[in-house]
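Here are some exercises to work through with the sequence and the model side by side. Try each task before you read its solution.

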Amino acid sequence: MSDPIPGIAAPAHLRQGSSIGQPLTRRDGPLKVTGQARYAADNHPPGMLFAVLATSGIARGRVLGLDVAAAKAHPGVVEVMTPANRPPLAGDPDAKDSPFMFRLDALQNDAVRYPQQPIAVVIAETLEAATEGAALLAPRYAAEPPRVGLDGAAAFVPAAVGVGSPASFAQGEVEAGLAAAPRRMEAVYETPAQYHNAMEPHAIVAAWDGERLTLDTPSQGMAMAQARFAALFGIRPEDIHIRSPFLGGGFGSKGLANGPQVLGILAARLVGRPVKLVLRREQMYGPVGHRAPTRQTIRMGADAAGGFTAIASHTLTATSSFDDFIEAAADVAHTLYATPALHTSHEAVRLDTGTPMFMRAPGEAPGSIALESAVDEMAFACGMDPLAFRLRNYAEVEPASGKPFSSKALRECYAEGAARFGWAGRPLQPRQMRDEAGLLVGWGMGTATFPAMMMAGHARATLRADGSGLVETGAHDMGQGAWTALAQVAADGMGLPLDRLEFRSGTSDLPDAGIAGGSAHMATVSSAIHGAGGAVIDRLAALATGDERSPLFGAGNAGVVAREGRLHRRDDEARSESYAAILSRAGLAGLEAMGQGAADPAAQKAFAMHAHGAVFVEVKVDPDFGQIRATRVVGAFAAGRVINPRMVRSQYYGGMTWGVSFALHEHAVTDRRSGRIMNADLAEYHLPVNADVPSLEAILVAEQDPHVNPLGIKGVGEIAITGTAGAVANAVWHATGVRVRRFPIGLEALI
Ligand code: MOS
């Protein structure tokens, strides 16, 4: 398999590296398919007990009583933890001093704030005994009527949306632009509550040793979790050792410390033995986050030539009664289309639900399904092909900020995606195409976009006496292939072949790699790794080029290149010296350096940084029964340098599958009387299976970005959901002539 390697020329000593760009398979793949990969809940330290949560059956009110005696009398039950006997905490679980901190439920009192809130923990010798003990608690409640749905409470304007963006933005004369426009559209789009549903449930194995704590728990952000647990338990962060080598998916829900983790640690402290606590599937529909529903009102005006005169987008969404996470759905309009007037705004209601949080392109995913649907409606109102309309309104600079893009190969994405899909010749009118079986066929498209962010992360590189390398960073592999791709960067960063490079990651005693979120992990950690490796090689080069006994003497650091464990003179590649020889002559047992990945403030100020893509979808709809199938999905994405094309493609497949899922499947249904989620399981909460996404194709569009970070990497973890969901909706309209604005699109909307 020979993939082209898109991306900028590598930084100096990396230029001749051989690992970056290779489509390697996952290094941890064999461990996973043979069952040897040890996930958090696979750990059973000696003496371990099993903890099971009892969770609330009401959405709002108080717990009046629990039959603790009955539970404790059950054979095998060791202890029942309730607010009455829960060990004290040094910190307040309801404290919040950053948008990256969520208020947690850790049995601080008898209040119930949402369904499936933990109200007790039963600890037993076996899982079965703990489960039975939890059932015997038979809680009695004082219930209050739940606040449910976007009309279920008074709307307010939040102080901020997302992780600290302003709730509204205005530029230009929106109302005048709309009033003067010969073509206008206005529509309301509704997206449902969704739950992450990672395959691996949230889990923790907690073991205390005095004031030291060892935790096996899946985490997208070990260092932040360590800091939060340290504050809650009054111990030092460095005394908390988190191991999170493998995650069975995270999708945002494992990004921040959560209440069940705290309860697992408390349970272990209470009984003085290691404790394992794993959430049951339905218990993941409460304390560990979800995507809030949205109602988005979009108004657009266009001139006679199809150029936008104004875009206005208002989002109403929901948060919990006790915390704030506001889905920034309207803000996607800041980036995508040129318009002289733009207004985005958000409101929220407080419902009796667990606090929503980051989930698979938070903001952009629901925002883009509405915006891309609206753009499709506007294009049709202008009598224009949806692709031609998007090109007519192509944003040469970021509309909201006026900044140039650090790079933007979206035109190329449109062109390559359209060509591959066969978009040309698509009839403008809907309901024009049928297949040989008589099914209605429709083609739709959407633009994908996601910010290219940088978090803060660190790595350490060590060159050993034998010339081999060690790179260490506390990064997170959620299944996306980080171990593989980061090791590729590490090998090239030190100028070593992969088999001479040891890569360690996934535990909290390694340098803090920041959070695997916002699609920023590869960019951030690669920068840190590259910086660390580069620093080591720089020092090595200084040793060699300053030593007259070296064949590299006098070449200067810029005059050598690192390759395959040797430094070579650039002016005469035949003159080289091995790393081991350089170290040995210098009498060094090794060299070590740290590297850091972080946003470059000057570049951030100067440029708008986003990945882009274009997704083209074919659907087939049964004209009698309304059954919808996404039969073909072609996405073309430009996201800077590609470290491993196999992994990147795989991320795009996953994202496109989420997009199909958003448009056609996922929907958490709330019972308006009880406030409970009625389909809190994988049977009734529909996720796509292979039969729902028969053909996916991802095109890696070449893009060089000299500004986002040293390696020119943009993230690929979330972008592909954003173009796809709208493209599916637009294809359904094109197949049927029915514009469905309430998601997921069900067959009942089409017949
Ligand atoms: Mo992602 S929702 O930032 O893990």
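A residue is buried if 20 or more other C-beta atoms lie within 10 Å of its own, exposed if 12 or fewer, and partly exposed in between, with C-beta atoms placed from the backbone. Residues are numbered from 1 along each chain as its sequence is written. You're looking at a predicted model, where local features need pLDDT of at least 70 and side-chain atom pairs count only at pLDDT 80 or more, while totals for chains, interfaces and linings use all residues.

**Exercise 1. Work out whether alanine 663 is buried or exposed, and find what it touches.**

Step 1: Find alanine 663 in helix α14 (residues 645–664). Helices (H or I, at least four residues) and strands (E, at least two) are DSSP runs, numbered from the N terminus.

Step 2: Count the neighbours. Alanine 663 has 32 other C-beta atoms within 10 Å, so it is buried.

Step 3: List the contacts, where two residues are in contact if their C-beta atoms, placed from the backbone, lie within 7 Å. Skipping residues up to four places away in sequence, alanine 663 touches Ile369, Ala725, Val728, Ala729, Phe743, Pro744 and Ile745.

**Exercise 2. Describe how α14 packs on α15.**

Two packed helices are described by the angle between their axes and the distance between the axes.

Step 1: The axes of α14 and α15 come within 7 Å and cross at roughly 40°. Axes are lines fitted to C-alpha atoms, for helices over the stretch in contact, and angles run from 0 to 180 degrees between N-to-C directions.

Step 2: Name the arrangement. Angles under 35 degrees count as roughly parallel, over 145 as roughly antiparallel, 65 to 115 as roughly perpendicular and the rest as oblique. So α14 and α15 are oblique to each other.

Step 3: Look at who meets whom. Residues on the α14 side include Met656, Trp658 and Ala663, and those on the α15 side include Ala720, Thr724 and Val728. By class, this contact has 13 nonpolar, three polar and no charged residues. (Ala, Val, Leu, Ile, Met, Phe, Trp, Tyr, Cys and Pro count as nonpolar, Asp, Glu, Lys and Arg as charged, and the others, Gly among them, as polar.)

**Exercise 3. Take α11 and describe its packing with α10 and with α12.**

Step 1: Helix α10 (residues 482–493) and helix α11 (residues 521–545) have axes that come within 8 Å and cross at roughly 30°. That makes the two roughly parallel.

Step 2: This crossing of α10 and α11 is right-handed. The contact includes Leu486 and Val489 of α10, and Val525 and Ile529 of α11. Its residues split into eight nonpolar, six polar and no charged.

Step 3: Now turn to helix α12 (residues 579–586), which packs with α11 at about 65°, the axes being 10 Å apart. That makes α11 roughly perpendicular to α12.

Step 4: α11 passes α12 in a left-handed crossing. Leu540, Leu543 and Ala544 in α11 meet Tyr579, Ile582 and Ala586 in α12. This contact of α11 with α12 has six nonpolar residues, no polar and no charged ones.

Methods:
Left-handed = near helix turned anticlockwise from the far one by under 90°.
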